[in-house]
Amino acid sequence: MQFLHTKDCNKKHRQSWIVIENPDVAQALRQDKNQNLQYLKDNYNLTLDQITALYNYGKFQYSYGNYSGAADYLYHFRVLSTDPDLTISAQWGKLASDILTGKWDVALEELNSLREAIDSRTPAPFASVSSSTNNTPAVDPALSQLHSRTWLVHWSLFVYFNHPQGRALLLETFLSPTYLNTIQTSCPWILRYVAAAAIISSPTPTSKSSAPQSSRVKNAVREVVKVIQMENYQYTDPVTAFLTQLHVEFDFEAAQKELQKAEKVVSDDFFLGDFHDEFLESARCLVSEAHCRIHQRIDIGDLSDRLNLPRDEGEKWIVNLIRETRMGQDAKIDLEKNLIQISRPPQPVYQSVIEKTRGLAIRTQALGAAIARSGAAAAQTAPQSVEPVAVS
């Protein structure tokens, strides 16, 4: 029976594939999928059942490891299909196929397309769903959307830690209110990768990336630290603990110990292993900046110890850091006393206010939009009031 089913599916998909590969068909297709289906039916006698065969054959290709072929079939099915559930399923399959073939640019495009599709499926009010007459248990659409976003967060790690601009894109996505809420609600362990991406994206003397960074990426460490503080009760690991000790407790000895643990965690992690050297370099820069921010006289040997570097290597690294970064404007090196002298002017009051209120307008706008959506949904489900009729 399975052989006959596969044979029938193979015959149907071939009929669909021959039509789709026709250049005249590709030029005639429009944005309206219903119009496209009618055109294919009228001119090529192509039925919806034959188009669905593309989906089934794509799944078959995926099941035996032909991921490139599966991606092609699922893509063409997605372009033509009007079934929203099968279309979403085809997008998941296409993303998995692109990940397994290592086509990271294509996978990133598919990831963005899938995220837009998930976010655009606005959950319907649960009251209307729970009143179904069948015996199947009702599923809260909002909960279903949360599950989809949770899966997307996990799958996206394959793309973000293999694409050249992946770490910055991860911060842009995961620090947005929607996906930050998803991480806090259902998968707080993803904070390890958010924290690691924020550390890796920090500028260092050896940074080679010339691409401009958004304000969210530039201030990622500060934002991530706030989230780590809130979620510390349910998740912590050496990577998040390192940022906590460094930027919250300002305990440099504890930060040094956590950095030693984080180094092993990063080297053993499936996604972070290839970024071990970048992580260490950026983490040491963060320690140096934090140390110089709260001290005016710093012993170079002591700072080398806090960076987990030998004295000679640490001195060279610190001197190079000060010369190559903005720290050189405020710091002077006294080689005779082996000290760093920091002379930094006090920060103006208005600058402190700006730092504290950064992003407040955006957050307020997002909150207002969320309240408006919930109010509109409640208005749709509220029973219409009946005006009393006056009796004379």
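Tutor: Helices here are DSSP runs of H or I with at least four residues, strands are runs of E with at least two, and both are numbered from the N terminus. Lys94 belongs to helix α6, which covers residues 84-101. The model is predicted, so local features need pLDDT of at least 70 and side-chain atom pairs pLDDT 80 or more, whereas totals for chains, interfaces and linings use all residues. Residues are numbered from 1 along each chain as its sequence is written, and side-chain values use heavy atoms, without hydrogens or water.

Lys94 has a relative accessible area of 8% and is therefore buried (under 20%; exposed is over 50% and partly exposed in between, with a 1.4 Å probe and protein chains only). The side chain of Lys94 makes a polar contact of 2.9 Å with that of Asp98 (N or O atoms within 3.5 Å, one able to donate a hydrogen and the other to accept it; residues adjacent in sequence count only if both atoms are side-chain atoms). Leaving out residues up to four places away in sequence, Lys94 touches Ala71, Leu74, Tyr75, Val106 and Glu110 (heavy atoms within 4.5 Å).

Helix α9 (residues 141-160) packs against helix α11 (residues 177-186) at about 95 degrees, with the axes 10 Å apart (lines fitted to C-alpha atoms over the stretch in contact, with angles from 0 to 180 degrees between N-to-C directions). The two helices are therefore roughly perpendicular (65 to 115 degrees).

Aromatic rings form a further set of contacts. Phe158, Phe161, Tyr193, Phe270, Phe271 and Phe275 make up one aromatic cluster (ring centres within 6.5 Å, using the six-membered ring of Trp). By this rule there are 14 aromatic pairs. Within the pair Phe270 and Phe271, the centres are 5.0 Å apart and the planes stand at 90 degrees, so the arrangement is edge-to-face (over 60 degrees; under 30 is stacked and the rest tilted). Phe270 is exposed at 69% relative accessibility, whereas Phe271 is buried at 14%.

Key. Angles under 35 degrees count as roughly parallel, over 145 as roughly antiparallel, 65 to 115 as roughly perpendicular and the rest as oblique.
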